[in-house]
Amino acid sequence: MKFLQALEQGKMLLADGATGTMLQTMGLPVGDAPEQWTLQRPDAVRELARLYAAAGSDLVYTNTFGASRVHLRRCGLEDKLAHLNQQAVALAREGVAAAGETALVIGSIGPTGEMLEPYGDFSADEARQSFAEQAALLAEAGVDALVCETFTDLQEALLAIGAVREKTKLPVMASMAFDQSGRTMMGVTPEDAVAQLSEAGACVVGANCSVGPESLEQTIRAMKAARPHVRLLAKPNAGLPEVVDGQAVYKVGPAVLAEFARHMHQLGGAVVGGCCGTTAAHIRAMRAALSSS
């Protein structure tokens with residue numbers, strides 16, 4: 001498979017940046033689900049993929065983070081489940097092609113947004129079924145690999161990996177969201193995450209979202225110390241958001257993310273990119289930094 005071949009070459013892969021906050025700069029109302037625009041503004045979703053591919057991304061994620069049946073039910077799009085996932089993959093491919101690049105397309109799967117038993121009313125079986133259904137749709141649509149990202153509950157992340165491996169033959173990455181305390185909202189440590197996610201079959205394990213590059217780097221270093229041979233992924237936010245005139249503003253610029261990319265390269269990371277607040281300019285700077293490393 002192309003993705004595994006790229007990993008095995010030993011060269012650090014550059015992923016893309018934010019989806020939701022970038023679409024907001026194109027007009028997506030704050031609070032609206034980004035997945036809606038796959039149907040309502042396919043031109044914008046296609047253009048986002050083009051921007052990242054043109055900026056130098058080796059991996060472009062699909063706009064499907066919240067495109068599971070459980071998520072789509074909450075925004076009245078459950079009946080569009082299959083079409084929305086398939087369309088998102090097609091738009092990502094078209095965007096990459098429009099840039100004249102050969103970036104791989106990665107199917108994004110996010111958490112359900114429900115609390116699993118015993119903390120909530122959502123059962124493990126329901127979660128597994130939701131992940132399996134979306135993974136199968138993304139695989140059928142032709143993604144090169146899958147990523148289960150921004151999880152805070154280790155049990156839910158393990159269910160997602162298991163569902164992907166059950167329903168597809170595609171490689172899967174897994175990434176959790178850690179806060180400034182160095183743990184996820186559910187108390188998961190980097191050491192536990194890297195051990196259990198890699199043992200469950202994730203070929204790349206790491207952290208994304210929630211914090212800026214400085215805090216996320218400490219999480220990645222803890223993972224590296226615990227499991228030196230595991231391939232690691234890092235996608236920080238452009239810092240913590242600050243509210244300016246009622247809007248969330250991310251103030252960490254491209255130069256800081258470029259330096260972060262250099263640090264991850266020196267650490268032997270496998271995949272680096274950006275999350276909330278990062279733009280094509282951040283990715284372009286990271287590409288330049290990696291090319292000169």
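**Close-up views of a predicted model**

**View 1. Cys 209 and Cys 276.** Cys 209 counts as buried, at 13% relative accessibility (buried means under 20% relative accessible area, exposed over 50% and partly exposed in between, with a 1.4 Å probe and protein chains only). Cys 209 is in no disulfide, and the nearest cysteine sulfur, that of Cys 276, is 3.7 Å away; a disulfide is a pair of cysteine sulfur atoms within 2.5 Å. Cys 276, with a relative accessible area of 21%, is partly exposed. A search of the whole structure finds 0 disulfides. The model is predicted: local features need pLDDT of at least 70 and side-chain atom pairs count only at pLDDT 80 or more, while totals for chains, interfaces and linings use all residues. Residues are numbered from 1 along each chain as its sequence is written, and side-chain values use heavy atoms, with hydrogens and water left out.

View 2. Ser 175 lies in strand 5 (residues 172-176); helices (H or I, at least four residues) and strands (E, at least two) are DSSP runs numbered from the N terminus. Ser 175 is buried, at 1% relative accessibility. The side chains of Ser 175 and Asn 208 are joined by a polar contact of 2.7 Å (a pair of N or O atoms within 3.5 Å; within protein, one must be able to donate a hydrogen and the other to accept it, and residues adjacent in sequence count only if both atoms are side-chain atoms). Not counting residues up to four places away in sequence, Ser 175 touches residues including Cys 148, Phe 151, Gly 206 and Leu 233, where contact means heavy atoms within 4.5 Å.

**View 3. Gln 134 in helix 7.** Helix 7 (residues 124-141) contains Gln 134. The relative accessible area of Gln 134 is 1%, which makes this residue buried. Leaving aside neighbours within four places in sequence, Gln 134 is in contact with Thr 64, Ala 67, Ser 68, Asn 85, Ser 108 and Ile 109.

**View 4. The largest cavity.** The whole structure has 1 cavity of 30 Å³ or more; on a 1 Å grid over the protein atoms alone, a cavity is a set of points where a 1.4 Å probe fits but cannot get out, and lining residues have an atom within 4 Å of a point. The volume of the largest cavity is about 90 Å³, taken as the space filled by probe spheres set on the points. Its lining has 13 residues, of which Val 45, Leu 48, Tyr 61, Thr 62 and Asn 63 lie nearest its centre. Helix 4 gives the most to this lining, with 4 residues.

Conventions. On a 1 Å grid over the protein atoms alone, a cavity is a set of points where a 1.4 Å probe fits but cannot get out, and a pocket is an open set with protein on both sides within 12 Å along at least five of seven lines; lining residues have an atom within 4 Å of a point.
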